Amino acid sequence: QVQLVESGGGLVQPGGSLRLSCSASGSIFNRDTMGWYRQAPGKQRELVANMLSGGRTNYADSVKGRFVISRDNTLKTVHLQMNSLKPEDTAVYYCNVRDPAMSWRNYWGQGTQVTVSS
């Protein structure tokens, strides 16, 4: 069983930065896609950024140029550096690990709140 634990959320002023971290325990494979989603009140959960096994990254258009995702397969961690934060980035951020070869391997963290407000 895989467990994901996020950290690093909080309250930040517009224009500020935060770094989210996700630590995984259990069986994580190098082929797994690791990423971050977010869900704002009244909205659907959406992809923020993910990184595939070969290092390819995907970003939501709204965060391109501001957020950077990174992962460490040895440490089983994935991070999201968030810069130039905007109020519209306010949401609960969820870590996700999924296996492109086995659809049932799709794991979520408990979420961490990010609030951007002055």
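D61 and K64 are both exposed, where exposed means over 50% relative accessible area, buried means under 20%, and partly exposed lies in between (1.4 Å probe, protein chains only). The side chains of D61 and K64 meet in a salt bridge, 3.1 Å from N to O. By salt bridge we mean a side-chain nitrogen of Lys or Arg within 4 Å of a carboxyl oxygen of Asp or Glu.

A quick word on the model: this is a predicted one, with local features needing pLDDT of at least 70 and side-chain atom pairs counting only at pLDDT 80 or more, while totals for chains, interfaces and linings use all residues. Residues are numbered from 1 along each chain as its sequence is written, and side-chain values use heavy atoms, leaving out hydrogens and water.

The structure holds 7 salt bridges, and the table shows some of them.

| Pair | N to O distance |
|---|---|
| D99 and R31 | 2.7 Å |
| D89 and R38 | 3.0 Å |
| D61 and K64 | 3.1 Å |

Take D99 and R31, whose side chains meet in a salt bridge. D99 sits in strand 9 (residues 91–99) and R31 in the loop between strand 3 (18–25) and strand 4 (33–39), so this pair ties together parts 68 residues apart in sequence. Strands here are DSSP runs (E, at least two residues), numbered from the N terminus. D99 is buried at 4% relative accessibility, whereas R31 is partly exposed at 33%.

Then there's D89 with R38, another salt bridge. D89 lies in the loop between strand 8 (77–82) and strand 9, and R38 in strand 4, so the pair links parts 51 residues apart in sequence. Both D89 and R38 are buried.

How values were computed
Helix = DSSP H or I, 4+ residues; strand = E, 2+ residues; numbered from the N terminus.
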